[in-house]
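Opening the notebook on a new model today.

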Amino acid sequence: MKEVVRAGHAGFCFGVKRAVDAIRGALERGDTNVWTIGLPIHNPQEVERLQAMGLKVAQSEEEVPAGARVFIRAHGESRAVLAALRDKGAEVVETTCPFVSRAQELASSLSEEGYHIVLLGDRNHPEIRGIIGHVNDAEDILDVVANEAEAEALPRRGKMALISQTTQREERLSAVAGALVRRAGELHVCNTICRATVERQEAVRALVGCVDGVVLIGGRASANTGKLRDIAAASGLDVLWVEDAGELDDSAGWFEGRKRIGIAAGASTPEWLINDISSKIASM
Ligand code: SF4
């Protein structure tokens, strides 16, 4: 038997819960016309559940039929996608996380005020693509950087505004801001990292010294779960990253000699999955 120590903050954040609850609520009311563009969250197990209830997932707005009810993911969408959906007669249900909306609005308003926008984040992540899609002429007045080195390589500008993907680490935002101070006449830094992200990161650090290893639960495509893995590893914690309870069987060797097991989970990991995996570990 193992002792399980759950991180103080783990699992669904406010924004993901809000979007998933809206989708599930519509499906439970018998709505047969519920769509998302792309997977609604980076958690395959929860997506399977929603699809079994009738959720339809389109790969792009072009696949969405007229009359569809399209729930916008917590990551948000570009203005062009929202306009295309409305133009074809789809109903847009806005469930973008308010923290992401704030980043979109800041990028839009600061670019209109003449700031060159620097986005800190993963340029292939849907949240970043959605923020870019709220800036007119983004190809000329916006850069995406992944780290301090990329920020150092940007040309000097008169006015720059730094906006972060909501799931970035605060240390990295500070480092990039430090690099940009040397490249801008005027620098406007917006800390758009959301509290849920910071809380989950701090909760992982708080496990140091209390556990013999951490089982991290979350989808492999989840950016914030990946950050938790990096933080745990950098803090000296041994980490086992699993998506579902079945993966525990393949990792039985990892548990040998470990008595107290920490449980951490990304913001897109549902409560039922955390409970399933915690129970299985407790009985090992
Ligand atoms: S991680 Fe933060 S910004 Fe992203 S959906 Fe959750 S609450 Fe919103």
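I began at Lys159, which stands opposite Glu186 in E9. Helices and strands here are DSSP runs numbered from the N terminus (helices are H or I of at least four residues, strands are E of at least two), and two strands pair if DSSP finds at least two bridges between them. This is a predicted model, so I kept in mind that local features need pLDDT of at least 70, side-chain atom pairs count only at pLDDT 80 or more, and totals for chains, interfaces and linings use all residues. Residues are numbered from 1 along each chain as its sequence is written, and side-chain values use heavy atoms, with hydrogens and water left out.

E8 and strand E9 (residues 184-190) pair in the parallel sense over 6 bridges. I then looked up E8 (residues 157-164) against strand E6 (residues 116-120): they pair over 5 bridges, also in the parallel sense. In that pairing I noted Leu119 opposite Ile163 in E8.

**Sheet E1-E12-E10-E11**

What is the strand order in this open sheet of 4 strands? I read it as E1-E12-E10-E11, with parallel pairing. Strand E1 (3-6) and strand E11 (239-242) stand at the edges with a single partner strand each, so one side of each has no neighbour in the sheet. Neighbouring strands are turned by 25° against each other on average, direction ignored. For angles, axes are lines fitted to C-alpha atoms (for helices, over the stretch in contact), and the angles run from 0 to 180 degrees between N-to-C directions.

Inside this sheet I checked E10 (residues 213-217) and E12 (residues 260-265), which pair in the parallel sense over 5 bridges. Gly213 stands opposite Ile261 in E12. Helix H13 (residues 271-282) packs on the sheet and touches E1, E10, E11 and E12, where contact means heavy atoms within 4.5 Å. The direction of H13 makes about 155° with that of E1.

**Sheet E3-E2-E4-E5**

I found another open sheet of 4 strands, ordered E3-E2-E4-E5 with parallel pairing. Its edge strands are E3 (56-58) and E5 (91-93), each pairing on one side only.

Strand E2 (residues 34-37) pairs with E3 in the parallel sense over 3 bridges. I looked up Ile37 and got Ala58 in E3 as its bridge partner. H1 lies across E2 and strand E4 (69-71), running at about 150° to E2.

**H1 on H2**

How do the axes of H1 (residues 14-28) and H2 (residues 44-53) cross? They come within 9 Å and cross at roughly 25°. That makes H1 roughly parallel to H2 (under 35 degrees counts as roughly parallel, over 145 as roughly antiparallel, 65 to 115 as roughly perpendicular and the rest as oblique). The crossing is left-handed (near helix turned anticlockwise from the far one by less than a right angle; clockwise would be right-handed).

From H1, the residues Val20, Ile23, Arg24, Leu27 and Glu28 meet Glu46, Leu50 and Met53 of H2. I sorted that contact into 5 nonpolar, no polar and 3 charged. The classes: Ala, Val, Leu, Ile, Met, Phe, Trp, Tyr, Cys and Pro are nonpolar, Asp, Glu, Lys and Arg are charged, and the others, Gly among them, are polar.

**H9 on H10**

H9 (residues 195-205) and H10 (residues 223-234) pack at about 30°, with axes 9 Å apart. They are therefore roughly parallel to each other. I noted their crossing as right-handed. Arg200, Gln201, Val204 and Arg205 in H9 meet Lys227, Leu228, Ile231 and Ala232 in H10. That contact divides into 4 nonpolar, 1 polar and 3 charged.

**Aromatic pairs**

I got 2 aromatic pairs in the structure (ring centres of Phe, Tyr and Trp, the latter by its six-membered ring, within 6.5 Å; planes under 30 degrees apart count as stacked, over 60 as edge-to-face, the rest as tilted). One of them is Phe14 with Phe99, edge-to-face at 6.1 Å centre to centre and 70° between the planes. Phe14 lies in H1 and Phe99 in H4 (residues 98-112), so the pair ties together parts 85 residues apart in sequence.
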